[in-house]
Amino acid sequence: RGYNDNDEENDRGRKYARLKLSGMKEAPVQLAIFCDEATAKGAGLGAQTMPEMRRYSVVSAITSFWLTARSVGIGVGWVSILDAKRLSKDLGVEEDWALVGYLCVGYPEEEDDTPELERCGWEMRMAIDDLVITSV
């Protein structure tokens, strides 16, 4: 690795360290959301050919919750810096349950239309023209 690569990595590490990752301490509501991979619900319909649809359904429910919460001014943060196996063990959930999301929920300290990760320079949004494909 070259000098610049290391500098870039160190800069990214410093930015990461500055991020406010204390939501797990500060959020008044925390939700661990699981998917029951062995459920008999639905009589196996679709689960035999596309078992991942169970998790997709859970993600859809999380998205609906997130949008509803945001519509009334409640903030939602999806924590991805955790050990899913350890959390599952600590919570004593069934072995067939898979962690899909860990959410911190509460009123934000400040309102801003720009996501925190973008404000701190972690990652910038893509331009809409880079996301929309049009064909003629």
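From the N terminus on, the elements of the protein chain run α-α-β-α-β-α-β-α-α. The chain holds 6 helices and 3 strands. Helices (H or I, at least four residues) and strands (E, at least two) are DSSP runs, numbered from the N terminus. The model is predicted: local features need pLDDT of at least 70, side-chain atom pairs count only at pLDDT 80 or more, and totals for chains, interfaces and linings use all residues. Residues are numbered from 1 along each chain as its sequence is written, and side-chain values use heavy atoms, with hydrogens and water left out.

Of the 136 residues of the protein chain, 18% count as buried. Buried means under 20% relative accessible area, exposed over 50%, and partly exposed in between (1.4 Å probe, protein chains only). Contact means heavy atoms within 4.5 Å. Among contacts in the protein chain with a separation of 6 or more, 72% come from residues 24 or more positions apart.

Strand 3 pairs with both other strands. Two strands pair if DSSP finds at least two bridges between them. Strand 1 (residues 29-36) and strand 3 run antiparallel, joined by 8 bridges. Within this pairing, Cys 35 stands opposite Ala 98 of strand 3. Strand 2 (residues 75-78) also pairs with strand 3 in the antiparallel sense, over 4 bridges. Here Gly 75 has Gly 106 as its bridge partner. Strand 3 is mostly covered, with 9 of its 10 residues buried.

The largest nonpolar core has 8 residues: Cys 35, Val 58, Ile 62, Ala 69, Val 76, Val 100, Leu 103 and Val 105. Helix 3 (53-71) and strand 3 (97-106) are the elements that give two or more residues to this core. A nonpolar core is a set of buried Ala, Val, Leu, Ile, Met, Phe, Trp, Tyr and Cys residues joined through side-chain atoms within 4.5 Å. A second, separate core of 7 residues includes Val 79, Leu 87, Leu 99 and Tyr 102. In soluble globular proteins, nonpolar side chains tend to be buried together. Val 100 belongs to the largest core. Leaving aside neighbours within four places in sequence, Val 100 is in contact with Ile 33, Phe 34, Cys 35, Arg 55, Val 58, Val 59, Ile 62 and Trp 78.

Helix 3 has 19 residues, which should span 27 Å at 1.5 Å a residue; its end C-alpha atoms are 27 Å apart, in agreement. The expected span is 1.5 Å times one less than the number of residues. Val 58, Ile 62 and Ala 69 are buried in helix 3. Seen down the helix axis, the buried residues fall within an arc of 40°, so they line one face of helix 3. The arc is that of the directions from the helix axis to the C-beta atoms. Strand 1, strand 2 and strand 3 are among the elements that cover these buried residues. The face turned away from the buried side carries the exposed residues Leu 67, Thr 68 and Ser 71. Just after helix 3, Gly 73 takes a positive phi of about 85°.

A search of the whole structure finds 0 disulfides (pairs of cysteine sulfur atoms within 2.5 Å). Cys 35 counts as buried at 3% relative accessibility. Cys 104 is also buried, at 8%.

Ala 84 lies in helix 4 (residues 84-91). With a relative accessible area of 33%, Ala 84 is partly exposed. Ala 84 and Ala 98 are 14 residues apart along the chain, and their C-alpha atoms are separated by 8.4 Å.
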